[in-house]
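Visitor: I would like to go through a protein structure with you. Could we begin with the overall picture and then turn to single residues?
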Amino acid sequence: MKSGKLYGVTGASNSGREIFEINQVNGTGTLIGTGVGFNHTVGVAFSINGPIVSVDGDDSIIPAEYALKQNYPNPFNPTTKIEFSLPVAADVQLVVYNILGQQVASLINEQRSAGNHSILWNADDSKGMKLSSGIYLYKIKATGNDGSEFQETRKMVLLK
């Protein structure tokens, strides 16, 4: 493979992967062979005079910065959607607290890829029990693979 070129890998198994070169002007790919040793390749991202575009996700624009959006709907009953953005792959923790600061639910505690993400929460606590009406806080902590760190807290209201 040549320096300065953009390449991609397709296929689900180590033995069936195909390697292709991506034309950086128009985004088309040309098959150049098959290969092994690409066990953890999950997608391709590129930029052509604009934002970085990922070809493996639902929302293909990779955000420039971290963000935690306000849940919707708010107030909610019984389910709400929480959205967040990651400019790089990151270890993410998304936790819900009651107004006293006690953790009531852990929604995410895993590595997530760069991009826009969302999760639906049905107001269950960590034991699967329904929570009562009230004000809750949700907090994201993200540590990017590049060493960057982000954390933000927002308020939501469960109204039954």
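Guide: The chain has zero helices and twelve strands. Please keep in mind that this is a predicted model.

Visitor: What pattern does the chain follow along the sequence?
Guide: Read along the sequence, the pattern is β-β-β-β-β-β-β-β-β-β-β-β.

Visitor: How much of the chain counts as buried?
Guide: Of the 160 residues, 31% count as buried. The chain exposes about 9800 Å², and carbon and sulfur atoms supply 51% of that area.

Visitor: And what share of the contacts links residues 24 or more positions apart?
Guide: Among contacts with a separation of 6 or more, such residues account for 46%.

Visitor: Let us turn to the inside. Which residues of the largest nonpolar core touch the most other members?
Guide: That core has 25 residues, and the ones touching the most other members are Ile82, Val92, Leu94, Val96, Leu107, Trp121 and Met156. The elements that give two or more residues to this core are strands E7 (80-86), E8 (90-98), E9 (103-112), E10 (115-121), E11 (134-144) and E12 (149-158).

Visitor: Pick one of those residues. What does Ile82 touch?
Guide: Leaving aside residues up to four places away in sequence, Ile82 touches Leu68, Asn71, Leu94, Leu107, His117, Ser118, Ile119, Tyr138 and Met156.

Visitor: Why is E7 described as largely enclosed?
Guide: Five of the seven residues of E7 are buried, so the rest of the structure largely encloses this strand.

Visitor: Which strands form the open sheet of three?
Guide: The order in that sheet is E6-E7-E10, and the pairing is antiparallel. Strand E6 (67-68) and E10 are the edge strands, each pairing on one side only.

Visitor: How many bridges are there in each pairing?
Guide: E6 and E7 pair over two bridges, while E7 and E10 pair over seven bridges. To locate these pairings on the model, one may look at Leu68, whose bridge partner in E7 is Phe84. On the other side, Leu86 stands opposite Gly115 in E10.

Visitor: You mentioned Asn77. What else touches Leu158 besides Asn77?
Guide: Not counting residues up to four places away in sequence, Leu158 also touches Phe76, Ala123, Leu131, Ser132, Ser133, Gly134 and Tyr136. Leu158 lies in strand E12.

Visitor: Is Leu158 buried or exposed?
Guide: Leu158 counts as buried, because its relative accessibility is 1% and the cut-off for buried is under 20%.

Visitor: How far apart are Leu158 and Pro75 in sequence and in space?
Guide: They are 83 residues apart in sequence, yet 5.7 Å apart in space, C-alpha to C-alpha.

Visitor: Now the surface. Which residues form the nonpolar patch?
Guide: Ile99, Leu100 and Ile135 form a nonpolar patch on the surface, with about 330 Å² of accessible area together. Of these, Ile135 is found in strand E11 and is partly exposed, with a relative accessible area of 37%.

Visitor: How many salt bridges does a search of the whole structure find?
Guide: The search finds four salt bridges. One of them joins the side chains of Lys81 and Glu83 at 3.8 Å, N to O. Lys81 counts as partly exposed at 35% relative accessibility, and Glu83 likewise at 29%.

Visitor: Could you give me other examples?
Guide: The side chains of Arg112 and Glu110 meet in a salt bridge at 2.8 Å, N to O; Glu110 is partly exposed, at 40% relative accessibility. Glu152 and Arg154 meet in another, at 3.4 Å, N to O. In that pair, Glu152 is partly exposed at 25% relative accessibility, and Arg154 is partly exposed at 27%.

How values were computed
Residues numbered from 1 in each chain as written. Predicted model: local features only at pLDDT ≥ 70, side-chain atom pairs only at ≥ 80, totals over all residues. Heavy atoms only, no water. Core = buried A, V, L, I, M, F, W, Y, C linked by side-chain atoms within 4.5 Å. Buried < 20%, exposed > 50% of the residue type's maximum accessible area, 1.4 Å probe, protein only. Helix = DSSP H or I, 4+ residues; strand = E, 2+ residues; numbered from the N terminus. Contact = heavy atoms within 4.5 Å. Pairing = 2+ DSSP bridges. Areas by Shrake-Rupley, 256 points an atom, 1.4 Å probe, with all protein chains shown as cover. Patch = residues over 30% accessible without salt bridge, like charges linked within 9 Å, V, L, I, M, F, W, Y side chains within 5 Å.
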